[in-house]
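Hi,

Here is the structure I said I would pass on. Have a look, and my notes follow below.

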Amino acid sequence: MPVFWILAIVLVLGAAGYVLGRARALSSAGDDYRSLHSLPSYYGWNAFILTVVPALLVLAAWMLIAPIVIDGMVSGLVDEGMQEGSNLSLLMSDVRRLAAGLDSAVSSGALSASEASGLVADNALAGRLMGLGISLGSSVTETTLAAAQRYRGLAAASQVWMAVVVIALAAGGLLLGLRRINPSFRARNAVETGLLALLILASSIAILTTLGIVLSMLFETINFFRQYPASEFFFSTTWSPDFRGNSELGILPLLWGTLYISLIALLVAVPVGLFAAIYLSEYAGPKMRAVAKPLIEVLAGIPTIVYGLFALITVGPALRDYFAQPLGLGNSSSSVMTAGLVMGIMLIPFVSSLSDDIINAVPQSMRDGSLGLGATPSETIRSVIIPAALPGIVGAVLLAASRAIGETMIVVLGAGAAAARLNEGLTEAINPFEAMTTVTVKIVSQLTGDTDFASPETLVAFALGLTLFVITLALNVLALYIVRKYREQYE
Amino acid sequence: MNDMRPLERIVDTDNVKIAAKNVQVYYGDTHAIKDVDVDILANTVTAFIGPSGCGKSTFLRCINRMNDTIDIARIEGNILLDGEDIYDKRVDPVQLRARVGMVFQKPNPFPKSIYDNVAYGPKIHGLARNKAELDEIVEKALRRGAIWDEVKDRLHASGTGLSGGQQQRLCIARAVATEPEVLLMDEPCSALDPIATAQVEELIDELKETYSVVIVTHSMQQAARVSQKTAFFHLGNLVEYGDTGDIFNTPQDQRTESYITGRIG
Ligand SMILES: Nc1ncnc2c1ncn2[C@@H]1O[C@H](COP(=O)(O)OP(=O)(O)O)[C@@H](O)[C@H]1O
Ligand SMILES: [Mg+2]
């Protein structure tokens with residue numbers, strides 16, 4: 001039975017639980033429903049929750065775990081018949097593809113169910129399957145076919161059992177929910193507990209996902225450091241990956257590119273964003289504010305790839321023609337400056353809308369106090385508002401910084417994909433009109449194309465990613481800490 | 001009250017500090033202050049009393065042009081400070097506010113050190129030539145604010161860390177440090193406990209030696225204790241103005257009497 005139908009049945013049972021529960025509560029109360037502990041609908045919701053929640057939890061768990069269990073059972077079969085030199089995970093993916101292909105052939109009517117289970121592994125089979133739209137990595141061996149058939153059998157059985165168990169649970173929940181109804185049952189509190197569980201579930205999903213991401217990165221990173229010395233990675237000043245081996249994978253040139261571009265971006269975004277926020281919150285009239293604030297925030301809605309194009313075809317060439325070439329600083333239209341400027345523009349709404357909120361949170365009484373002492377508006381802003389809002393503004397800047405560090409598209413299109421050359425002298429390294437690139441861009445380029453997930457040249461991407469993650473995490477924690485401290489100030 | 005020759009009148013009552021003539025205040029379409037005429041004397045404490053929403057704060061804020069900071073507020077009529085119209089185009093409201101200081105209902109120390117709170121005004125207006133002079137001004141102001149003894153050992157601790165009563169006295173010291181000529185106080189004791197209130201009242205009594213003090217208060221007793229002149233506002237009108245004793249003992253207007261005896265408010 002397809003999952004959709006299982007879901008539908010569970011929900012119908014749940015709805016029945018609501019209606020019946022409510023009716024039962026009303027009838028158990030006699031003619032005066034005020035004698036019930038809770039409002040009648042709470043009894044209905046309680047029956048609904050008992051029906052739906054355990055059933056859906058089991059459904060979700062089954063769908064997550066069943067493929068793993070089936071894989072484990074089938075891979076034993078594959079393992080036994082495996083030929084020398086072939087790879088278990090590749091074979092297993094063939095098995096799965098074959099099983100899925102057979103299933104779809106049956107459901108589309110290209111094969112009858114008995115034909116599908118009666119296939120024999122001969123030389124013609126691969127061609128025949130190809131004709132049915134099933135393409136396989138290698139030829140179909142006896143083992144693969146047998147495993148695929150077993151796979152199909154197990155999967156079908158699992159589907160049936162899943163439907164039975166889930167629907168039985170829902171029905172059981174429904175009965176239990178209805179049985180528990182009597183006037184003194186505290187349905188309201190039971191519903192409250194149910195809602196609490198839902199909220200906790202939602203927050204744990206967010207947390208567990210983060211944890212999962214970190215762990216998977218961590219494992220790959222550990223793999224990388226088994227093959228490549230950590231000291232080289234962290235301290236080497238050369239980045240020259242070579243898929244034939246002998247790569248030099250130092251993070252420093254990339255980190256330098258990341259920090260340099262981010263620094264320029266912040267030098268653009270922080271003053272402009274902050275001044276815009278000050279204008280909007282302290283000087284602009286309501287009409288001006290109503291127009292200007294959304295306009296600035298439109299900038300935040302532009303996809304970064306569009307900023308990248310702007311950097312590539314407008315800002316880059318302009319900087320090269322009017323600054324870099326006349327000053328003799330380089331001939332490249334891809335440069336740190338290009339990416340930094342454009343990224344700075346991207347970050348302006350970030351800084352301005354956060355700072356605007358923070359400046360608005362400074363109580364009006366602070367302004368009154370300062371103006372009442374004969375200070376001008378700008379003196380008030382400089383000596384009272386900004387110092388009072390400073391921790392929050394610093395938090396906003398740090399958040400913008402972590403955005404800048406993680407940005408990829410603008411860098412590829414604006415600053416190019418060549419790592420900084422730290423070994424060719426200081427001027428090369430700090431010339432803002434040199435092409436340079438960042439950690440994120442290199443992560444992408446190490447993982448695109450034909451890659452072998454066992455070589456250090458590929459695995460380095462995870463080490464780079466984890467390093468970046470640690471840096472931005474540290475920045476975010478710092479920002480949150482500062483913002484939180486700031487909040488306490490006016491309590 | 002409808003004398004149209006302000007300059008002559010000021011000559012014959014030479015201690016009038018502020019003279020308001022026909023003052024109207026509108027918030028958008030709301031007419032918040034109607035036709036108010038009042039003379040506030042130098043070296044006197046004047047109390048503004050009246051039910052909530054009758055326009056006491058609005059009128060007080062007209063005197064140092066704090067209403068300029070509210071977009072929808074519009075003021076008509078004249079307010080003269082030492083015979084000079086403060087709404088004249090040539091008058092700089094910023095300069096004016098240095099002459100007419102204000103203490104607000106809720107203590108609002110800046111999130112800076114106690115020292116910097118008090119030094120704020122003198123620094124802006126360049127009242128001190130060097131650090132030693134500034135120290136002296138700060139100490140003098142804190143002493144006048146009757147808070148010096150409590151804070152002299154922690155001048156560099158944050159002003160927001162003080163108790164409510166201390167904060168309000170700090171705000172008074174802060175206002176005093178700028179050496180204003182008039183001090184406006186909008187319900188300065190409403191957030192304070194009785195002991196702090198008594199300290200602030202004592203302070204107001206001393207301040208009148210140097211300044212003209214205008215205090216808005218909801219407490220009849222407080223008005224009676226600290227003020228020499230009382231103005232009763234009702235629905236935007238100045239109903240009655242006179243010596244505090246007269247207002248409390250022999251009110252001329254029915255509304256004043258009802259308010260003082262607790263029947264409206
Ligand atoms: N900023 C403002 N915007 C609009 N109306 C205001 C504003 N401030 C005060 N008012 C109105 O003006 C009237 C007088 O208010 P206020 O001067 O604060 O009274 P009081 O201080 O005597 O309690 C009230 O009706 C109030 O609603
Ligand atoms: Mg008021």
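A salt bridge here is a side-chain nitrogen of Lys or Arg within 4 Å of a carboxyl oxygen of Asp or Glu. Keep in mind that this is a predicted model.

With that cut-off, K229(B) and D243(B) qualify, because their side chains meet at 3.1 Å, N to O. K229(B) sits in strand 9 (residues 229-234) of chain B and D243(B) in strand 10 (residues 237-243) of chain B, so this pair ties together parts that are 14 residues apart in sequence. K229(B) counts as buried at 18% relative accessibility, while D243(B) is partly exposed at 37%.

Over all chains the count comes to 27 salt bridges. Two from chain A are worth a look:

- R152(A) and D103(A) form a salt bridge, with the closest N and O atoms 2.9 Å apart. R152(A) belongs to helix 6 (residues 142-179) of chain A and D103(A) to helix 3 (residues 88-108) of chain A, so the pair ties together parts 49 residues apart in sequence. R152(A) is buried, with a relative accessible area of 15%, and D103(A) is partly exposed, with 37%.
- D356(A) and R289(A) form another, the closest N and O atoms being 3.5 Å apart. This one links distant parts of the chain, 67 residues apart: D356(A) is in helix 12 (residues 336-361) of chain A and R289(A) in helix 10 (residues 286-301) of chain A. D356(A) is buried at a relative accessible area of 1%, whereas R289(A) is partly exposed at 24%. Both belong to a network of salt bridges that also links K293(A) and E297(A).

Now the interface. How many salt bridges are there between chain B and chain A? The count is zero, though four residue pairs are in polar contact across it. The contact takes 22 residues from chain B and 20 residues from chain A. About 1600 Å² is buried between the two chains, and carbon and sulfur atoms give 64% of that. In chain B, F110(B), P111(B) and Y120(B) lose the most area to chain A, together 28% of what that side buries.

Helix 3 (93-99), strand 6 (100-103), helix 4 (114-124) and helix 7 (164-177) of chain B each supply at least two residues of the side touching chain A. By class, that side has twelve nonpolar, five polar and five charged residues.

Strand 6 of chain B is covered on both faces: V100(B) and M102(B) on one side and G101(B) and V103(B) on the other are all buried. Four bridges join strand 6 to strand 7 (residues 182-186) of chain B, and the two run parallel. V103(B) has M185(B) as its bridge partner in strand 7 of chain B.

Cheers

Terms used
Residues are numbered from 1 along each chain as its sequence is written. Chains are lettered from A and ligands numbered from 1 in the order in which they are written. This is a predicted model: local features need pLDDT of at least 70, side-chain atom pairs count only at pLDDT 80 or more; totals for chains, interfaces and linings use all residues. Side-chain values use heavy atoms; hydrogens and water are left out. Contact means heavy atoms within 4.5 Å. Buried area is the accessible area (1.4 Å probe) that two parts lose on being put together, summed over both. A polar contact is a pair of N or O atoms within 3.5 Å; within protein, one must be able to donate a hydrogen and the other to accept it, and residues adjacent in sequence count only if both atoms are side-chain atoms. Ala, Val, Leu, Ile, Met, Phe, Trp, Tyr, Cys and Pro count as nonpolar, Asp, Glu, Lys and Arg as charged, and the others, Gly among them, as polar. Buried means under 20% relative accessible area, exposed over 50%, partly exposed in between (1.4 Å probe, protein chains only). Two strands pair if DSSP finds at least two bridges between them.
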